[in-house]
Amino acid sequence: MAGREAAILVLIGTEEQRQEWSLDQPEIVIGRGEAATVRLNDRQVSRLHARIRRTNGEYIIEDLGSKNGTFVNGQLLTNPRPLQDGDEVQIALSLRLLFVDSEATAPVRLTLERVPGLRLDPASRRVWVEGQELDPPLSAAQYRLLHLLYENAGKVCSRDSVVETVWPGVVKEGVTEQAVDALVRRLRDRLAEYSDREFITTVRGHGFRLEAGPPG
């Protein structure tokens with residue numbers, strides 16, 4: 001099967017929420033407002049949130065000064081950058097979009113359970129542990145932290161990356177190590193309500209890691 005003439009964005013969520021947009025214009029704007037090309041009806045999304053420009057065969061994404069940030073593969077977008085096939089764009093970490101390049105034959109389906117026993121639905125910010133949904137839901141800060149760790153499962157996330165993701169727009173010097181440790185501890189406690197498994201490991205001197213493998 002041949003590739004398409006233009007790349008597409010795929011909204012990742014439940015089957016009912018699944019949507020696709022063709023990037024067949026020189027410039028598309030993602031946001032909540034009527035002027036947006038890709039409209040996302042979520043209060044966390046700014047009216048004009050992010051922009052994707054097609055330049056010399058590349059698709060360049062940039063944040064438009066959004067309140068809650070734009071993330072690519074879990075990293076806060078601070079400067080324009082080209083998108084690669086399979087990149088995941090998080091709009092305010094509330095909605096998740098998959099970038100599928102024009103050369104790809106079909107959209108890649110991302111699993112919602114990258115870590116055994118832990119499942120996230122980014123569209124609704126719902127979390128399940130060992131098949132049980134967390135109730136009440138995680139706070140916004142707890143979810144942002146878990147989402148970062150989840151997107152980088154098996155890898156160490158530095159304290160700086162935690163600060164940039166959880167508190168976008170705040171200089172890292174304004175967030176103490178104690179505040180980061182307290183947030184990690186609260187997230188661990190919430191997960192422990194539903195499982196005896198230690199999902200989050202502290203790697204001293206480096207940061208935190210969400211264990212990707214099955215429990216030993």
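Guide: Two strands pair if DSSP finds at least two bridges between them, and helices (H or I, at least four residues) and strands (E, at least two) are DSSP runs, numbered from the N terminus. This is a predicted model, in which local features need pLDDT of at least 70 and side-chain atom pairs count only at pLDDT 80 or more, while totals for chains, interfaces and linings use all residues. Residues are numbered from 1 along each chain as its sequence is written, and side-chain values use heavy atoms, with hydrogens and water left out.

Visitor: How many bridges join strand β16 to strand β17?
Guide: Strand β16 covers residues 200–203 and strand β17 covers residues 207–210, and the two run antiparallel. Thr 202 stands opposite Phe 208, and Val 203 stands opposite Gly 207. The number of bridges joining β16 to β17 is four.

Visitor: Which residue takes a positive phi in the hairpin of β16 and β17?
Guide: The hairpin has three residues between its strands. The positive phi there is near 80°, and the residue that takes it is Gly 205.

Visitor: Which residue in β17 does Val 156 stand opposite?
Guide: Strand β15 (residues 156–158) is also joined to β17, by three bridges and in an antiparallel run. Within β17, the residue opposite Val 156 is Arg 209.

Visitor: Which strands stand at the edges of the six-stranded open sheet?
Guide: The order in this sheet is β2-β1-β11-β10-β7-β8, with antiparallel pairing. At its end, β7 (residues 70–72) and β8 pair over two bridges, and the bridge partner of Val 72 is Gln 75. Each edge strand has a single partner, so one side of each is left without a neighbour in the sheet; these strands are β2 (19–22) and β8 (75–76).

Visitor: What angle does the direction of α1 make with that of β10?
Guide: Helix α1 packs on this sheet, touching β7, β8, β10 (88–91) and β11 (95–100), where contact means heavy atoms within 4.5 Å. Axes are lines fitted to C-alpha atoms, for helices over the stretch in contact, and angles run from 0 to 180 degrees between N-to-C directions. Between α1 and β10 the angle is about 180°.

Visitor: Which residue meets Glu 27 in a salt bridge?
Guide: A salt bridge is a side-chain nitrogen of Lys or Arg within 4 Å of a carboxyl oxygen of Asp or Glu, and by this rule the count comes to 11. The pair in question links strand β3 (residues 27–31) with strand β5 (residues 50–55), across 24 residues. At 3.8 Å, N to O, the partner of Glu 27 is Arg 51.
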